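Q: Could you walk me through how this model is packed inside? I would like the conventions spelled out as we go.

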Amino acid sequence: MSRTHTGHRRSRALFLTALATVLATTGGTALAVSDSAGTSTTAQAAAARVDNPYAGAKPYVNPEWSAKAAAEPGGDAIANQPTGVWLDRIAAIEGAGDSMGLRDHLDEALQQGAGVIQLVIYNLPGRDCAALASNGELGPTEIDKYKTGYIDPIAEILADTKYANLRVVTTVEIDSLPNLVTNTGSRPTATPECDVMKANGNYVKGVGYALRELGAVPNVYNYVDAGHHGWIGWDDNFAASAQVMHQAATSDGGSVDNVHGFITNTANYSALKENNFKIGDTVNGRSVRESTWVDWNRSVDELTFARTFRNQLVSTGFRSDIGMLIDTSRNGWGGADRPAGPGPTTDVNTYVEGGRYDRRIHIGNWCNQSGAGLGERPTTAPESGIDAYVWMKPPGESDGSSKEIPNDEGKGFDRMCDPTYEGNPRNGFNPSGALADAPISGKWFSAQFQELLKNAYPQL
């Protein structure tokens with residue numbers, strides 16, 4: 001298809017979207033319209049955006065993930081849960097191999113009678129500059145291909161009036177913008193790849209473009225990735241990350257109105273609530289913040305972080321009605337190792353170590369973590385300011401391969417996925433804590449799925 005033809009279809013889709021908006025303000029009457037080729041289309045008015053897209057809406061269950069979960073021993077217990085649909089390369093839009101494409105998922109959502117579907121927009125140029133396991137297909141300079149070959153086709157499909165009454169939650173580019181703060185410059189955690197992406201601006205440009213194009217579709221709800229407390233919860237990362245997110249949202253004439261909210265802990269393991277200690281506790285005159293585990297962070301869990309970071313985002317210039325999502329797909333930390341109460345008050349470290357639910361070796365560990373369990377089930381409006389607990393990362397899908405595996409998806413081998421790895425500055429030179437024998441990111445990992453079932457909290 002020529003670029004001219006693509007542009008024509010895109011303009012027509014946006015025209016119909018605009019028309020649907022007009023109809024929504026004039027009673028929602030259906031109207032037959034024709035394009036220049038004489039093709040008749042019935043435009044149905046999209047419902048006005050709501051404060052919380054999950055409220056009162058049946059969530060879409062991905063049948064591909066559901067079938068894999070149900071095929072596992074005990075998997076039937078969660079196979080009916082809604083999970084995110086990852087569009088992690090251009091081929092995923094149409095459907096790679098025998099996998100469902102975006103339209104397939106949207107059509108299936110209509111068949112299910114679903115009111116909301118969750119998509120992960122994940123294909124930035126130079127993607128995930130600090131972790132090779134989730135590198136992508138586009139090179140650092142391929143911003144134009146990202147726009148025209150990836151975002152534009154997604155936006156065109158979502159603008160089809162067939163889907164006008166389906167709420168589409170988009171999680172926009174996880175593991176990107178915070179890297180420009182935490183992994184650049186003179187910091188020991190810096191990587192050359194992240195320095196390149198900060199210098200060329202393509203993370204900021206790409207996220208800004210995605211927010212504008214997707215946000216122009218009336219039934220799309222953009223949630224920008226906001227890392228997690230063990231990434232940007234420190235004083236030197238907290239406000240700076242919010243500023244980079246605001247820069248992206250307002251780049252090239254963009255607006256914060258294209259951002260419905262933010263999501264924390266996507267595809268990560270940080271505990272939702274640490275009930276056995278809190279940030280204000282002291283032990284023998286020493287603050288919990290001084291403990292090795294907390295290490296001067298301002299939060300000890302994701303719920304606290306989501307609330308405080310929301311306030312920071314609003315003060316940075318985002319709308320006061322933004323909502324937050326928290327990915328709870330793998331942060332339950334149940335099983336035999338879950339502490340029943342606070343640790344000994346011998347000193348601040350024994351107190352925190354003995355009581356923390358999150359049993360990772362280091363809070364910077366992120367790949368296929370041993371001992372992890374399913375967290376809270378997807379829930380709408382569980383806490384003030386939280387639109388939903390979600391399973392944006394489908395449980396059972398690998399974070400990355402434990403050894404190098406050639407593939408055609410641009411995904412590399414990161415030593416943080418190697419169980420024998422002894423670490424780097426980003427995890428304090430600690431063992432990786434990763435499970436062995438893992439496939440490349442996004443592929444089914446049965447052993448991990450079984451461990452998540454076994455260690456689920458709340459229990460299944």
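Q: How many residues does the largest nonpolar core have, and which have the most contacts inside it?
A: This is a predicted model, in which local features need pLDDT of at least 70 and side-chain atom pairs count only at pLDDT 80 or more, while totals for chains, interfaces and linings use all residues. Residues are numbered from 1 along each chain as its sequence is written, and side-chain values use heavy atoms, with hydrogens and water left out. The largest nonpolar core has 69 residues, and Leu-158, Leu-177 and Phe-262 have the most contacts inside it. Such a core is a set of buried Ala, Val, Leu, Ile, Met, Phe, Trp, Tyr and Cys residues joined through side-chain atoms within 4.5 Å, where buried means under 20% relative accessible area, exposed over 50% and partly exposed in between, with a 1.4 Å probe and protein chains only.

Q: Which helix gives the most to this core?
A: That is helix 5, residues 143-158, which contributes eight residues; helices here are DSSP runs of H or I with at least four residues, strands are E runs of at least two, and both are numbered from the N terminus.

Q: And what is Phe-262 in contact with?
A: Leaving aside neighbours within four places in sequence, the partners of Phe-262 include Tyr-223, Met-245, Leu-313 and Phe-318, with contact meaning heavy atoms within 4.5 Å.

Q: Switching topic, at what angle do helix 10 and helix 11 pack?
A: Helix 10 (residues 235-249) and helix 11 (residues 302-316) pack at about 55 degrees with axes 9 Å apart, the axes being lines fitted to C-alpha atoms over the stretch in contact and the angles running from 0 to 180 degrees between N-to-C directions. The two helices are therefore oblique to each other, given that angles under 35 degrees count as roughly parallel, over 145 as roughly antiparallel, 65 to 115 as roughly perpendicular and the rest as oblique.

Q: Last one: is Trp-293 buried or exposed?
A: Trp-293 counts as buried because its relative accessibility is 8%, and it lies in the loop between strand 9 (286-287) and helix 11. Among its contacts beyond four places in sequence are Phe-277, Val-352 and Arg-360; Arg-360 is 67 residues from Trp-293 in sequence and 9.9 Å away in space, C-alpha to C-alpha.
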